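Trainee: Could we go through this one together? I'd like to start with the charged side chains.

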Amino acid sequence: MLRSISGLMVLALGVLMTTAPTLAAQTATPAPQRHIVVFKFKAGATDAQIREVTDAFVALKTKIPGIVSLEHGVNNSPEKRNQGFTHVYQVTFTSAAARDAYLPHPAHKPFGELLGKLGVLEDVFVVDYTPARD
């Protein structure tokens with residue numbers, strides 16, 4: 001009888017060990033996605049224009065689903081290696097799918113139109129990544 005119980009326990013443990021990774025993969029939450037945008041404004045851009053761009057960017061958080069957080073700031077690195085790029089915006093999305101839905105989202109289009117209307121951007125670069133889980 002004891003042998004039968006031991007055998008069943010070993011069998012149950014084996015089933016658990018082989019199905020647990022599969023179940024975990026099915027129930028795992030998607031990895032958050034980071035979207036970093038860095039602007040280089042033209043020399044003639046006014047503080048008011050830069051503020052308008054920033055306010056419009058920050059407003060996207062309330063207009064586009066899947067945005068977890070949106071941070072921004074001005075470069076203050078003492079290394080002086082920013083190549084004129086001064087304003088940083090970091091958007092965290094719930095998932096890659098949420099990030100992918102962001103660019104074509106109808107609320108994003110007016111932001112791009114504002115940038116065109118103001119004509120204050122000299123250059124921009126974008127970095128997207130999935131945070132590493134070390």
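**Talking through the model**

Mentor: Happy to. Asp55 forms a salt bridge with Arg51, and their closest N and O atoms are 2.8 Å apart. The term means a side-chain nitrogen of Lys or Arg within 4 Å of a carboxyl oxygen of Asp or Glu. Before we go on, this is a predicted model: local features need pLDDT of at least 70, side-chain atom pairs count only at pLDDT 80 or more, and totals for chains, interfaces and linings use all residues. Residues are numbered from 1 along each chain as its sequence is written, and side-chain values use heavy atoms, with hydrogens and water left out.

Trainee: Got it. Where do Asp55 and Arg51 lie?

Mentor: Both are in helix α2, four residues apart, which is about one turn of the helix. Helices here are DSSP runs of H or I with at least four residues, strands are runs of E with at least two, and both are numbered from the N terminus.

Trainee: Why does Asp55 count as partly exposed?

Mentor: Asp55 is partly exposed because its relative accessible area is 40%. The scale calls a residue buried under 20% relative accessible area, exposed over 50%, and partly exposed in between, using a 1.4 Å probe and protein chains only. Arg51, with a relative accessible area of 44%, is partly exposed too.

Trainee: How many salt bridges does the structure hold?

Mentor: Two. The side chains of Asp100 and Arg99 also meet in one, at 2.9 Å from N to O. Asp100 is partly exposed at 48% relative accessibility, whereas Arg99 counts as buried at 19%.

Trainee: Let's zoom out. How many helices and strands does the protein have?

Mentor: Four helices and four strands. From the N terminus on, the elements run α-β-α-β-β-α-α-β. Of the 134 residues, 25% are buried. The accessible surface comes to about 9,100 Å², and 61% of that belongs to carbon and sulfur atoms. Those areas come from the Shrake-Rupley method with a 1.4 Å probe, and for residues only the protein chains shown count as cover.

Trainee: Back to details. What does His35 touch?

Mentor: Contact means heavy atoms within 4.5 Å. Not counting residues up to four places away in sequence, His35 touches several residues, including Tyr89, Val91, Tyr102 and Asp128. His35 is in strand β1 (residues 33-41), and counts as buried at 6% relative accessibility. The C-alpha atoms of His35 and Val91 are separated by 5.0 Å, though the two residues are 56 apart along the chain.

Trainee: And which side chain joins His35 in a polar contact?

Mentor: That of Asp128, at 2.5 Å. A polar contact is a pair of N or O atoms within 3.5 Å; within protein, one must be able to donate a hydrogen and the other to accept it, and residues adjacent in sequence count only if both atoms are side-chain atoms.

Trainee: Where is Ser95, and what does its side chain reach?

Mentor: Ser95 is in the loop between β3 (87-93) and α3 (96-102). Its side chain reaches the backbone nitrogen of Ala98 at 3.2 Å. Ser95 is buried at 12% relative accessibility, and beyond four places in sequence Ser95 touches Pro30, Ala31 and Gln33.

Trainee: New topic: how many aromatic pairs turn up in the whole structure?

Mentor: Seven. Take Phe39 and Phe57: their ring centres are 6.3 Å apart and their planes at 50 degrees, so the pair is tilted. Phe39 sits in strand β1 and Phe57 in helix α2 (residues 47-63), so 18 residues separate these distant parts of the chain. Rings of Phe, Tyr and Trp (its six-membered ring) pair if their centres lie within 6.5 Å; planes under 30 degrees apart count as stacked, over 60 as edge-to-face and the rest as tilted.
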